[in-house]
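Okay, everyone, thanks for coming.

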Amino acid sequence: MAGTRRSSRLSAASEAMPPPAAPAAPTTNGRKRKADAKPKGEAPSTPKKKRIITPPPLTPTPSAVGIIAEPAFNKGMQTPKPAAVARLANPRGTNAMLLSPETSRLIAPRDEEPPSPSKGRGKTTTQNLLQEACDHLISVDERMRPLVEKHTCRAFSPEGLAEKVDPFESISSGIISQQVSGAAAKSIKNKFVALFANDADGATTTTRFPHPSEVAATPLEKLRTAGLSQRKAEYIQGLAEKFTSGELSAQMLQDAPYEEVLERLIAVRGLGRWSVEMFACFGLKRMDVFSLGDLGVQRGMAAFVGRDVAKLRNKGGKWKYMSEQDMVDLSDRFAPYRSLFMWYMWRVEETDVSTMET
């Protein structure tokens with residue numbers, strides 16, 4: 001009986017006691033092993049990382065093209081649009097009305113008639129150049145039709161070709177627009193013009209873009225007060241010196257073949273190939289320019305041929321929607337109007353071309 005009472009007391013005591021503590025985790029190199037570590041022989045689980053998709057970089061083309069093609073402002077007054085004037089045009093040459101940067105005189109092209117790629121239509125002029133180009137794009141690929149019908153490229157219209165272009169101003173504008181927004185570029189350009197617009201007493205004497213000789217003779221410190229970085233001020237002053245010395249001239253830009261224009265301008269400090277291509281297209285109004293280095297064009301071409309650009313990925317830190325060889329093969333079909341084809345590629349995603357047959 002006594003043995004039964006003793007057993008009951010031990011049983012009750014054991015129920016009142018807390019459960020034994022878990023054995024201490026084995027240590028490795030003097031440190032405790034984590035309680036949630038996997039048993040030996042079982043691979044540890046790796047926590048899933050959140051996938052971060054880096055958006056593609058924005059192409060600077062729209063703002064840069066706008067500032068390249070836009071003349072300096074006239075103190076808040078709008079410049080009247082020039083009337084379209086019929087003159088001969090050359091799909092493979094310069095079609096802009098170029099001004100001498102130093103004298104502001106109009107540069108006359110060489111006295112020769114350019115060949116017309118359109119058979120049986122007569123001469124190619126500034127009045128029919130854009131229409132010929134659009135007809136050619138559609139004849140090469142019917143998918144161009146909705147793009148042409150929805151968008152009109154003013155740069156190559158009769159009115160756009162009637163605008164007078166100062167090449168020094170146009171190239172300088174391209175330098176100003178590098179790495180800044182369109183609004184910032186316009187503000188800096190206006191301040192730059194204002195540096196040369198006033199006399200010693202502060203009275204406004206001119207609203208034109210400064211001559212190269214004026215810029216070349218101006219200290220860099222003064223040029224920088226317009227908001228230019230040290231390098232941009234150096235680039236624009238170096239460009240001014242080349243125009244002043246005659247190494248660059250409006251006449252050369254008017255008459256030289258495209259490859260020579262490209263070579264001479266790329267040699268200018270501060271001008272890369274893309275900047276020169278944009279100037280040749282929208283400053284010189286050359287119709288057969290194509291830029292392989294423009295991401296917006298590359299993306300538009302990929303969408304144009306039916307690729308889902310939203311699913312294309314960043315490869316090795318560099319966005320690639322289409323290979324350069326594919327871009328060349330496709331764009332060459334639209335020569336000698338690749339400038340216009342390029343302009344439409346920026347607008348592909350604004351227009352539904354998926355319903356068109358290839």
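So, to start: which residue does the side chain of Arg 154 meet in a salt bridge? Its partner is Glu 163, with N to O at 2.8 Å. Keep in mind as we go that this is a predicted model. As for where the pair sits, Arg 154 is partly exposed, at 35% relative accessible area, and Glu 163 is also partly exposed, at 21%.

Let me pick out a couple more.

Arg 264 pairs with Glu 260, and here the closest N and O atoms are 3.0 Å apart. Why are these two about one helical turn apart? Because they are four residues apart in helix 12, which covers residues 258-266. Arg 264 comes out partly exposed at 35% relative accessible area, and Glu 260 is partly exposed too, at 28%.

Next up, Asp 326 and Arg 307, whose side chains form a salt bridge at 3.4 Å, N to O. What does this pair tie together? Asp 326 is in helix 15, residues 324-331, while Arg 307 is in the loop between helix 14 (295-304) and strand 5 (314-315), so the bridge ties together parts that are 19 residues apart in sequence. Asp 326 is partly exposed, with 33% relative accessible area, and Arg 307 is partly exposed with 35%. There's also a network to look at: Asp 141, Arg 143 and Arg 333 are joined through salt bridges that share partners.

Last stop, the nonpolar core. The largest one has 83 residues, and the members that touch the most others are Met 144, Phe 192 and Leu 340. Leaving out neighbours within four places in sequence, Phe 192 is in contact with Phe 209, Pro 210, Val 215, Leu 223, Ala 226, Leu 228 and Ile 236.

That's my tour, folks.

Technical notes. Residues numbered from 1 in each chain as written. Predicted model: local features only at pLDDT ≥ 70, side-chain atom pairs only at ≥ 80, totals over all residues. Heavy atoms only, no water. Core = buried A, V, L, I, M, F, W, Y, C linked by side-chain atoms within 4.5 Å. Buried < 20%, exposed > 50% of the residue type's maximum accessible area, 1.4 Å probe, protein only. Contact = heavy atoms within 4.5 Å. Salt bridge = Lys/Arg side-chain N within 4 Å of Asp/Glu carboxyl O.
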